[in-house]
Amino acid sequence: MRRFFVLVACATALALAACSQAVPQTTRVADTGGSRKGDFGPPQGEPIKAILTSPPHVPPPTNRDYPAKVIVELEVIEKDMEIAEGVSYTFWTFGGTVPGSFIRVRQGDTVEFHLKNHPSSKMPHNIDLHGVTGPGGGAASTFTAPGHRTQFTFKALNQGLYVYHCATAPVGMHVANGMYGLILVEPPEGMTPVDHEFYVMQGDFYTVGKYREKGHQPFDMQKAIDENATYVLFNGAETSMTGPNALKVKTDQRVRMYVGNGGPNLVSSFHLIGEIFDKVQYEGGTHFQENVQTTLIPAGGAVTVEYHTEIPGSYVMVDHSIFRAFNKGALAILQVEGAEKPHVYSGKQVDEMYIGDKVASLAPVAEAATARVSGTLTKAQQIAAGAVLYKGTCSTCHQDSGAGLPNVFPPLAKSDFLQKDPQRAIGIVLNGLTGPVTVNGNTYNSVMPPMSQLTDDEIANILTFALNNWGNSGPAISKQDVATIRATTKRPEGAAH
């Protein structure tokens with residue numbers, strides 16, 4: 001009997017082996033999925049011209065159940081734009097914006113891609129789409145000189161959210177100047193309906209001048225190589241989604257965000273303060289995670305996040321590598337309007353001091369900088385600029401009223417200490433102050449960190465505001481006053497200066 005079972009087992013094994021050899025290798029690969037899943041045959045119907053949108057907008061869903069030929073026309077434009085209020089930068093763009101135009105197709109579509117390089121461009125460019133299967137993601141087929149156009153065709157085999165970027169040498173410089181965007185390859189069944197879709201993309205920028213230093217700022221190659229970003233931004237500008245540009249939705253709505261990271265260097269810790277992501281399709285792929293607080297987005301990667309709005313208020317979107325948010329610009333606002341739900345959340349909305357000057361217009365700061373360059377700067381202009389900067393830098397401790405916090409932070413209002421020696425105040429802002437200090441007859445023993453990351457202009461304007469507000473009467477502090485004290489201050493190697 002045992003021999004019988006052995007013979008049956010052997011026969012079964014031989015039969016299975018024979019069946020395995022009979023099944024073609026290509027069939028087994030097809031069954032496992034992968035790129036073959038996206039080849040749904042030749043395109044059907046008339047060619048479709050893709051609708052491209054600028055951030056933060058997203059094109060409408062494809063709403064098709066068949067593969068089509070989709071024509072994408074994208075133009076490279078090199079242009080000066082504002083990176084922060086009063087600060088301009090020469091961006092290299094796909095479609096005239098940073099990030100570039102959002103592209104939306106369906107899995108299985110055949111995409112005829114046209115790349116133009118505007119005649120005013122100074123550099124050749126190309127495009128590498130991470131959603132392309134082929135050499136260089138299309139880069140090998142799209143090297144385009146100024147005033148020229150190129151064309152290639154690819155089939156969108158894999159569904160997902162993919163980054164595209166320029167891959168012309170030096171690649172890092174092209175990406176650092178804003179040459180990136182997203183292409184969404186919808187699954188065959190399409191995306192589930194939501195109330196709002198938004199396009200957000202982070203990037204790190206490297207300027208010769210300091211953060212918020214006014215005027216036109218050139219690209220700094222050494223900073224880029226050292227990965228020492230001056231700015232880390234959403235959608236290419238510090239004000240892209242703050243103030244009047246804040247994203248706006250209502251309560252009880254479902255929101256989907258397509259979020260990319262162009263880099264070129266930094267990984268994003270993407271977080272929306274006060275919301276929890278119900279669903280995160282990490283790395284732009286097919287699988288998802290639920291109930292996520294913060295999601296990592298690699299340079300050259302993307303993620304799709306979904307959440308449901310519950311409570312009205314201002315929600316702050318950040319890179320949770322937190323100095324990037326509050327000191328390099330990686331901050332945006334989602335404004336939710338609707339009825340309160342005290343059973344879910346009670347209390348005031350987000351404290352304005354927490355986001356400081358990020359929700360205010362920095363126009364007075366830019367106006368003061370322009371006036372200083374032209375030699376027409378007035379004390380009133382400095383005070384107006386200083387008021388905006390004070391809110392984002394000093395008001396959390398010293399309060400909007402300048403009253404400080406009893407027994408903790410000394411007052412600036414009617415301060416005998418401040419008014420006695422304005423030059424000493426410059427040194428305190430630059431270098432910080434630790435230990436007891438007597439103000440208006442009261443002793444305070446706390447720590448003020450050095451604020452040497454501020455520019456000379458910013459410190460001059462903040463102090464001029466403080467010296468001429470809340471009952472104080474003092475002089476205007478000049479940029480040169482600050483520069484002189486900064487130059488005479490010895491600081492440890494590597495410290496902000």
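Reader: Which side chain meets that of Lys69 in a salt bridge?

Author: Side chains of opposite charge can pair when their charged atoms come close. The term salt bridge here requires a side-chain nitrogen of Lys or Arg within 4 Å of a carboxyl oxygen of Asp or Glu. Lys69 meets Glu112 in this way, with N and O at 2.9 Å. The pair links distant parts of the chain, since Lys69 is in strand E2 (residues 69-84) and Glu112 in strand E5 (residues 110-117), 43 residues apart.

Reader: What kind of model is this, and how are its residues numbered?

Author: It is a predicted model, in which local features need pLDDT of at least 70 and side-chain atom pairs count only at pLDDT 80 or more, while totals for chains, interfaces and linings use all residues. Residues are numbered from 1 along each chain as its sequence is written, and side-chain values use heavy atoms, with hydrogens and water left out.

Reader: How many helices and strands does the protein have?

Author: Helices (H or I, at least four residues) and strands (E, at least two) are DSSP runs, numbered from the N terminus. The protein has 13 helices and 23 strands.

Reader: Are Lys69 and Glu112 buried or partly exposed?

Author: Buried means under 20% relative accessible area, exposed means over 50%, and partly exposed lies in between (1.4 Å probe, protein chains only). Lys69, at 29%, is partly exposed, whereas Glu112, at 13%, is buried. Of the 497 residues of the protein, 49% are buried.

Reader: How many salt bridges does the count come to?

Author: The count is 17. One of them joins Arg104 to Glu197, with the closest N and O atoms 2.8 Å apart. Arg104 lies in strand E4 (residues 103-106) and Glu197 in strand E10 (residues 196-205), so this pair ties together parts 93 residues apart in sequence. Arg104 is buried, at 6% relative accessibility. Arg104 and Glu197 also belong to a network of salt bridges with Glu186, Arg254, Arg256, Asp278 and Glu306.

Reader: Which residue forms a salt bridge with Asp457?

Author: Arg372 does, the closest N and O atoms being 3.0 Å apart. Asp457 is in helix H12 and Arg372 in helix H7 (residues 363-374), 85 residues apart. Asp457 is buried at 14% relative accessibility, while Arg372 is partly exposed at 29%.

Reader: Which residues of helix H11 are buried?

Author: Helix H11 covers residues 422-431, and seven of its 10 residues are buried. They are Pro422, Ala425, Ile426, Gly427, Ile428, Val429 and Leu430. Just after H11, Gly432 takes a positive phi of about 80°.

Reader: What covers the buried residues of H11?

Author: Cover is read from contacts, where contact means heavy atoms within 4.5 Å. Among the elements that cover H11 are helix H10 (416-420), strand E22 (433-439), strand E23 (442-448), helix H12 (456-467) and helix H13 (479-487). For the whole protein, residues 24 or more positions apart account for 69% of the contacts with a separation of 6 or more.

Reader: How many disulfides does the structure hold?

Author: A disulfide is a pair of cysteine sulfur atoms within 2.5 Å. The structure holds zero. For Cys397, the nearest cysteine sulfur is that of Cys394, 8.5 Å away. Cys397 is partly exposed at 29% relative accessible area, whereas Cys166 is buried at 0%.
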